[in-house]
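Colleague: I am new to this structure and would like to learn how to read it. Could you walk me through it?

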Amino acid sequence: MGKNNFVVGLDVGTSKVSACIGQLNDNDQIQIIGIGQAVSEGVKQGMITDLERATKAVSKAIEEAEKISGVDISEVSLGVGGSHIKSQHSRGVIAISRTDKEITPKDVERVIDQARAIPVPLEQEVIDVLPQRYIIDDQDGIVDPIGMSGIRLETEVLIISGGVAAIQNMVKVVNKAGLRIKDLVVGSLAVSSSVLLKDEKELGVALVDIGGGKTDIAVFIEGNIRYLGSLPVGGELISKDIAFGLRTSFKEAEEIKKEYGWAKRDLITNAGEISVTGIGRREARKVPVEALVEIIEPRMEEILNIINKEIQKSNLAELIPSGLILTGGASQLRGLEQYAEQVFGMPTRIGAPQEMLGMSSQSQNSGAALSMGLVQLSLQEAMESGHYYKKGKTKLFEPIERWKHWLEDIF
Ligand SMILES: Nc1ncnc2c1ncn2[C@@H]1O[C@H](COP(=O)(O)OP(=O)(O)OP(=O)(O)O)[C@@H](O)[C@H]1O
Ligand SMILES: [Mg+2]
């Protein structure tokens with residue numbers, strides 16, 4: 001983690017770049033100390049299309065987060081997503097040969113290494129291996145085998161890989177912005193930690209992150225990711241339809257959608273008129289809200305149907321009693337919760353990041369869910385592995401080292 005006392009999560013999305021800085025306070029609670037956001041350019045569906053522009057957007061978001069928090073950022077955890085992310089299940093088995101037969105952290109490392117030793121396609125690179133469960137001798141469903149006794153340790157893991165070129169370009173952008181990458185984390189995993197409740201993950205739930213250019217789906221059962229998918233659909237499609245239908249700019253279409261948009265006509269409660277600026281025309285036109293929603297509804301229906309198909313494809317639809325949690329910027333469209341519930345026939349809620357200390361109203365929208373989740377994962381991991389030293393604690397060690405010779409001189 002370096003000498004600094006904070007961690008940074010970075011989400012390079014199609015619509016926005018979001019950087020979140022967090023640290024642990026004296027009570028070991030996660031505290032957000034800064035969030036920076038910038039309009040994204042040169043990114044499409046989790047992949048870089050323009051190095052220069054994407055780098056600028058990353059720098060801008062980082063600078064903003066630095067300004068708010070007053071810290072210098074040099075290292076980030078980076079979220080990755082999109083259709084180049086693939087997942088596959090694998091198993092590993094080892095024998096515990098020592099006489100005490102007690103399973104050590106080294107044994108766990110060994111069995112995971114064995115499970116990950118399967119061929120991945122040449123153009124893919126492993127970015128994470130998530131242990132799902134352990135089996136000791138014939139006892140299944142073990143969550144943490146360390147310290148338990150047995151002669152045979154087996155594990156089932158989910159291996160997550162990303163497209164080599166897609167990852168390299170993303171890394172290049174972050175490096176060009178002057179940052180080192182501490183960790184690559186699959187976006188859905190990060191979002192799940194800031195948005196989902198523990199019970200939902202345990203019981204079974206589908207997390208659907210509808211962004212600007214893509215929709216990432218992750219199904220969680222018994223606390224683990226069981227399925228990952230990404231679809232090339234998102235809120236930009238809706239804005240493009242609006243720009244085309246109302247003959248206005250993409251930028252204005254975005255604004256109109258956020259301000260007046262609804263997912264479905266029969267859910268509108270504030271029918272009225274909107275004024276729309278035409279392209280190259282000074283006169284603003286009046287357009288009824290219904291006409292706007294008439295454009296949005298069929299596209300939203302299409303997106304929801306595509307998501308539904310993907311959930312059915314996972315073959316896990318029967319195993320998610322907690323239903324669907326929609327998040328991401330595009331999930332904020334008015335009326336989406338009700339509309340989605342009708343389409344999916346399952347309980348559906350819109351999920352925003354759970355409250356964390358220091359959170360501003362800006363971070364309460366779903367746009368920051370991923371970068372906040374990265375901070376959460378990073379701090380939790382650091383706490384568990386003991387790499388995280390709070391200010392006071394680090395100083396406990398340093399002076400003693402530095403003063404050692406001096407102390408010896410005296411005594
Ligand atoms: N209040 C709102 N109502 C409707 N749509 C919204 C609202 N706020 C944001 N959006 C839409 O959300 C989308 C951006 O979402 P998000 O910030 O999650 O995307 P991203 O992470 O940058 O992109 P991606 O994950 O697809 O790469 C845009 O299409 C934007 O128009
Ligand atoms: Mg996103």
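Predicted model: local features only at pLDDT ≥ 70, side-chain atom pairs only at ≥ 80, totals over all residues.

Colleague: Which residues are the closest to ligand 1, and how many surround it?

Modeller: The shell around ligand 1 has 24 residues, and the closest are Gly13, Thr14, Gly211, Gly235 and Gly329.

Colleague: How is the protein chain divided into domains?

Modeller: There are two domains in the assignment: domain 1 covers 86-162 and domain 2 covers 198-351. Their C-alpha centres lie 38 Å apart.

Colleague: What should I know about the largest nonpolar core, and which residues touch the most other members?

Modeller: The general idea first: in soluble globular proteins, nonpolar side chains tend to be buried together. In this model the largest nonpolar core has 97 residues, and Cys20, Val58 and Leu207 touch the most other members. Helix α8 (residues 289-313) gives the most to this core, namely nine residues. The core also draws at least three residues from each of domain 1 (86-162) and domain 2 (198-351).

Colleague: Which residues does cysteine 20 touch, leaving aside those up to four places away in sequence?

Modeller: Some of the contacts of cysteine 20 are Val8, Gly9, Ile32 and Ile35. The list also includes Ala368, Ser371, Met372, Leu374 and Val375.

Colleague: Is helix α4 (residues 187-195) enclosed or open?

Modeller: Count its buried residues. A residue is called buried if 20 or more other C-beta atoms lie within 10 Å of its own. In helix α4, nine of the nine residues are buried, so the helix is largely enclosed by the rest of the structure. Among them are Gly187, Leu189, Val191 and Val195.

Colleague: Is alanine 177 buried or exposed, and where is its place?

Modeller: Alanine 177 sits in the loop between α3 (164-176) and β11 (180-186). It counts as buried because it has 22 C-beta neighbours inside 10 Å. Sequence distance and spatial distance are separate things to read here: alanine 177 and serine 59 are 118 residues apart in sequence, yet 5.5 Å apart in space, C-alpha to C-alpha. Beyond four places in sequence, alanine 177 touches Thr55, Val58, Ser59 and Ile62.

Colleague: What about alanine 115: buried or exposed?

Modeller: Alanine 115, in helix α2 (residues 105-116), counts as buried because 23 C-beta neighbours lie inside 10 Å. With residues up to four places away left out, it touches Ser90, Arg91, Gly92, Thr155 and Val157. Alanine 115 and alanine 263, however, are 148 residues apart in sequence and 44 Å apart in space, C-alpha to C-alpha.

Colleague: How many bridges join strand β7 (residues 86-95) to β10?

Modeller: Strands β7 and β10 run antiparallel and are joined by 10 bridges. Within that pair, arginine 91 stands opposite glutamate 156 in β10. Strand β10 (residues 152-163) also pairs with β8, again in the antiparallel sense, over 11 bridges; there aspartate 128 stands opposite isoleucine 160. Strand β10 is mostly covered, with 10 of its 12 residues buried.

Colleague: Where does a positive phi turn up?

Modeller: As background, most residues other than glycine have a negative phi. In the hairpin of β8 and β9, with two residues between the strands, aspartate 137 takes a positive phi near 50°. Those strands pair in the antiparallel sense over two bridges, and the bridge partner of isoleucine 136 is glutamine 139 in β9.

Aspartate 28 has a positive phi near 60° and belongs to the loop between β2 (16-24) and β3 (30-39). With 10 other C-beta atoms within 10 Å, aspartate 28 is exposed. Glutamate 222, in the loop between β13 (215-221) and β14 (224-231), has a positive phi near 50°. Glutamate 222 is partly exposed, with 14 other C-beta atoms within 10 Å.

Note on methods:
Residues numbered from 1 in each chain as written. Chains lettered and ligands numbered in written order. Core = buried A, V, L, I, M, F, W, Y, C linked by C-beta atoms within 7 Å. Helix = DSSP H or I, 4+ residues; strand = E, 2+ residues; numbered from the N terminus. Domains from an automatic or database assignment. Contact = placed C-beta atoms within 7 Å. Near = placed C-beta within 6 Å. Pairing = 2+ DSSP bridges.
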